[in-house]
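Student: Could we go through this structure together? I have not worked with it before.
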Amino acid sequence: MTKSERGQERNGRQMKATMKDVAALAEVGVGTVSRVINGVKVKDKTREKVMQAIAELNYEPDEYARGLKTNRSNTIALILPTIWHPFFSEFAYYVEENLSKKGYKLFLCNADGNPEKEKEYIQMVKQSKVDGIIGITYSDIDQYVSSNLPFVSIDRHFSEQVSYVTADNYLGGQMAAKALIDRECRHLCYIGGISPYPNETNNRKAGFAKGGEESGVEVQIFDMEEPIQDLEGQLEPFLRSHPEIDGILAVNDFMALDVMKVMKRIGRNAPYDYQIIGFDGVKLSSDREYLLSTIVQSTEEMAKASVKTMMAMILNQEEPRRVVVPVSFFEGKTTKVLKKD
């Protein structure tokens with residue numbers, strides 16, 4: 001009988017391999033096996049022997065037992081407003097991918113606009129059911145989030161000094177203004193919503209307005225109170241009363257699509273009668289282009305930065321309070337092709 005058979009066969013039936021079995025097969029101590037499993041640095045040759053033994057025995061670490069010893073669940077919760085939005089689902093994909101590389105699992109929380117759900121998820125951290133939370137949240141949960149809670153926010157600010165990851169929204173707004181002005185737009189408009197909670201997306205409007213001001217171009221602002229009620233009912237009278245508008249930045253891609261729908265109803269089509277740029281860079285699938293001309297914020301880079309910040313918190317390392325991810329302009333079919341000199 002081989003070492004691996006000896007480690008697996010007991011009382012005439014196959015048994016689940018233990019850490020002791022792995023140690024015996026690799027000819028190392030149990031402590032060494034534990035260090036390899038937990039990512040502690042050991043000699044390359046030793047690590048190779050342990051990993052080979054793990055593969056041969058089909059050994060699976062007892063996550064629950066590990067959690068009791070380390071006081072960690074090796075699980076991170078991700079709170080999303082909805083899983084139906086392509087931007088959020090793509091972000092979740094990259095968060096899971098980056099967590100997996102760190103040996104962590106993802107617990108996906110679809111809040112669906114319900115603040116009570118979000119509060120329950122935060123309680124899970126306090127009860128050590130998950131090690132931390134990455135959150136895209138638009139609810140009134142400020143009092144439940146503190147700087148000593150492993151929480152990484154996306155865009156949203158909290159009264160406590162909570163770390164957050166954001167795209168360069170201000171620069172994105174400036175990029176949009178420049179792109180429209182370069183394409184001969186002279187009556188710009190920003191269309192978005194006013195959130196009751198402070199967040200970085202407001203910088204899109206600020207950057208756009210500044211970009212127009214610096215070029216001496218008029219910029220109108222049309223903000224709607226969130227949660228937005230009767231979107232088209234608010235948009236149509238505004239757009240009808242301002243036929244001079246020839247360049248628009250919408251707060252996000254889906255808002256841009258709504259604007260285009262209303263504009264078509266009143267007989268105006270992009271990019272011939274006006275030009276419009278969205279924000280986010282939403283795709284319906286990985287093999288398709290963006291839906292329209294848009295300011296692209298990389299979900300992959302935002303996810304990577306979120307996981308890196310979360311890991312720093314868990315390992316009690318110094319974590320950044322604000323991480324800014326670059327943006328870029330994608331020329332789609334809702335803006336005119338830029339004339340070359």
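This is a predicted model: local features need pLDDT of at least 70, side-chain atom pairs count only at pLDDT 80 or more; totals for chains, interfaces and linings use all residues.

Student: How many salt bridges does the structure hold?
Tutor: There are 13 salt bridges in the structure.

Student: Which residue meets K178 in a salt bridge?
Tutor: The partner of K178 is D182, and their side chains are 2.7 Å apart, N to O. Both residues belong to helix α8, which covers residues 169-182, and they are 4 residues apart, about one turn of the helix.

Student: What about R322, which residue does its side chain meet?
Tutor: The side chain of R322 forms a salt bridge with that of E200, at 3.1 Å from N to O. R322 is in strand β13 (residues 322-325), whereas E200 is in the loop between β8 (187-194) and α9 (202-214), so the pair ties together parts that are 122 residues apart in sequence.

Student: And is E200 buried or exposed?
Tutor: E200 counts as buried, because its relative accessibility is 3%.

Student: Let me turn to the helices. At what angle do α10 and α11 pack?
Tutor: Helix α10 (residues 231-240) and α11 pack at about 55 degrees, and their axes are 10 Å apart. That angle makes α10 oblique to α11. The crossing of α10 past α11 is right-handed.

Student: Where is L257 found?
Tutor: L257 is in helix α11, which spans residues 253-265. With a relative accessible area of 34%, L257 is partly exposed.

Student: Now helix α2. Which of its residues are buried?
Tutor: In α2 (residues 19-26), the buried residues are D21, V22, A23, L25 and A26. Just after α2 comes E27, which takes a positive phi of about 60 degrees.

Student: One last topic: where does N114 lie?
Tutor: N114 is in the loop between β4 (105-110) and α7 (115-126). N114 counts as partly exposed, with 30% relative accessibility. From C-alpha to C-alpha, N114 and Y138 are 9.5 Å apart in space, and they are 24 residues apart in sequence.

Methods
Residues are numbered from 1 along each chain as its sequence is written. Side-chain values use heavy atoms; hydrogens and water are left out. Helices (H or I, at least four residues) and strands (E, at least two) are DSSP runs, numbered from the N terminus. Buried means under 20% relative accessible area, exposed over 50%, partly exposed in between (1.4 Å probe, protein chains only). Axes are lines fitted to C-alpha atoms, for helices over the stretch in contact, and angles run from 0 to 180 degrees between N-to-C directions. Angles under 35 degrees count as roughly parallel, over 145 as roughly antiparallel, 65 to 115 as roughly perpendicular and the rest as oblique. A crossing is left-handed if the near helix is turned anticlockwise from the far one by less than a right angle, and right-handed if clockwise. A salt bridge is a side-chain nitrogen of Lys or Arg within 4 Å of a carboxyl oxygen of Asp or Glu.
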